[in-house]
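Visitor: I have a few minutes before my next run. Can you walk me through this one?

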Amino acid sequence: MSNELTTIIEGQRNQFESVISVKGIDFDREAQFALQILTQNEYLTKVAMSNKSSLASAINNVAAIGISLNPASKLAYLVPRKNAVCLDISYIGLMHIAQQTGAIKWGQAVIVRANDAFELQGIDQPPLHKFNPFSADRGEVIGCYMVVKTDEGDYLTHSMPIAQIYDIRDRSEAWKSHLKNKTSCPWVTDPEEMIKKTVVKQASKYWPRRDRLDSAVHYINTDAGEGID
């Protein structure tokens, strides 16, 4: 099976190298990462073998978007979705692209819980957020916010209540598939990461425009099946 997967991936070398969008993305390294991810997930391998074109597309999207599959970096993954292999970009990956492209200097997405003290100071300042990170009684998640600092030194803050985040979740293909087919999805396995990812994507609309970042967000809202407009 691994030999077959290797052949499929190796067959994308020319296409991959023709669409590389940033320096540092190397076909041989990414091919090894892809093979490692596939061989560690039996179901993903099954999907890849039954839908080889989706695996090819996912591999090529690594080059086109300019994001590494290196497991240690936690920037992007190969995941099964709607009987296809998809490139899934984490919220950390989106932040990485935003920083690489110069849209922001740094940023942080933070979950807010019911027992936290939270006060928004305006979109151009970080909020006041006080909580005990070691407390087991912070309460349920009530929202999330994103703070970034631009190259010009300005702060931009974007906050979302959990109801608005879940409304977006409910429109995503991954969540619909989970409800209909009882399949696993990131909203089930990694809910806090998906909450942060939703806020990052929404916040990015207000950051300085960068084509590569826009392309990454557009991809995960369409081909990757998250369906967030």
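Guide: We can go through the sheet, a helix, the aromatic rings and some loop residues.

Visitor: What kind of model is it?
Guide: This is a predicted model.

Visitor: OK, the sheet. What order do the three strands of the open sheet have?
Guide: The order is E3-E6-E7, and the pairing is antiparallel.

Visitor: Which strands stand at the edges?
Guide: Strand E3 (106-113) and E7 do. Each has a single partner strand, so one side of each is left without a neighbour in the sheet. On average, neighbouring strands here are turned by 15° against each other, direction ignored.

Visitor: How many bridges are there between E3 and E6?
Guide: Eight bridges, in the antiparallel sense. To find your place there, look at Gln 108, which stands opposite Val 147 in E6.

Visitor: And how many bridges join E6 to E7?
Guide: Seven, and these two strands also run antiparallel. In this pairing Cys 144 stands opposite Met 160 in E7.

Visitor: What happens in the hairpin of E6 and E7?
Guide: Five residues lie between the strands. Among them is Gly 153, with a positive phi near 90°.

Visitor: Which helices lie across these strands?
Guide: H7 lies across E6 and E7, at about 75° to E7. H10 lies across E3, E6 and E7, and runs at about 45° to E6.

Visitor: Let's stay with H7. Which of its residues are buried?
Guide: In helix H7 (residues 162-171) they are Ile 162, Ile 165, Ile 168 and Arg 169. They cover an arc of only 120° around the axis, which puts them on the same side of H7.

Visitor: What does Arg 169 touch?
Guide: Trp 175 and Trp 187, not counting residues up to four places away in sequence. Arg 169 also lies over the face of Trp 175, at 4.0 Å from the ring centre.

Visitor: Where does Arg 138 lie?
Guide: Over the face of Phe 131, also at 4.0 Å from the ring centre.

Visitor: Switching to ring pairs. How many aromatic pairs does the structure hold?
Guide: Three. One of them is Trp 106 with Tyr 155. Their ring centres are 6.0 Å apart and their planes are at 70°, so the pair is edge-to-face.

Visitor: Which strands do Trp 106 and Tyr 155 lie in?
Guide: Trp 106 is in strand E3 and Tyr 155 is in strand E7. The pair therefore ties together parts that are 49 residues apart in sequence.

Visitor: What is the accessibility of Trp 106 and of Tyr 155?
Guide: Trp 106 has 34% relative accessibility and counts as partly exposed. Tyr 155, at 27%, counts as partly exposed too.

Visitor: What about Phe 118 and Tyr 145?
Guide: Those ring centres are 5.2 Å apart. The planes are at 35°, so the pair is tilted. Phe 118 lies in strand E4 (residues 117-119) and Tyr 145 in strand E6, so parts 27 residues apart in sequence are tied together.

Visitor: Tyr 145: buried or exposed?
Guide: Tyr 145 is buried, with a relative accessible area of 8%.

Visitor: Last topic, the loops. What is phi of Lys 74?
Guide: Near 60°. That is a positive value in a residue other than glycine. Lys 74 lies in the loop between helix H5 (52-65) and strand E1 (76-81). At 48% relative accessibility, Lys 74 counts as partly exposed.

Visitor: And phi of Asn 83?
Guide: Near 60°, again a positive value in a residue other than glycine. Asn 83 sits in the loop between E1 and strand E2 (84-89).

Visitor: Asn 83: buried or exposed?
Guide: Asn 83 is exposed, with a relative accessible area of 60%.

Technical notes: Residues numbered from 1 in each chain as written. Predicted model: local features only at pLDDT ≥ 70, side-chain atom pairs only at ≥ 80, totals over all residues. Heavy atoms only, no water. Buried < 20%, exposed > 50% of the residue type's maximum accessible area, 1.4 Å probe, protein only. Helix = DSSP H or I, 4+ residues; strand = E, 2+ residues; numbered from the N terminus. Arc of directions from axis to C-beta. Pairing = 2+ DSSP bridges. Axes fitted to C-alpha atoms, helices over the stretch in contact; angles between N-to-C directions. Contact = heavy atoms within 4.5 Å. Phe/Tyr/Trp six-rings, centres within 6.5 Å; stacked < 30°, edge-to-face > 60°. Lys NZ or Arg CZ within 6 Å of the ring centre and 35° of its normal.
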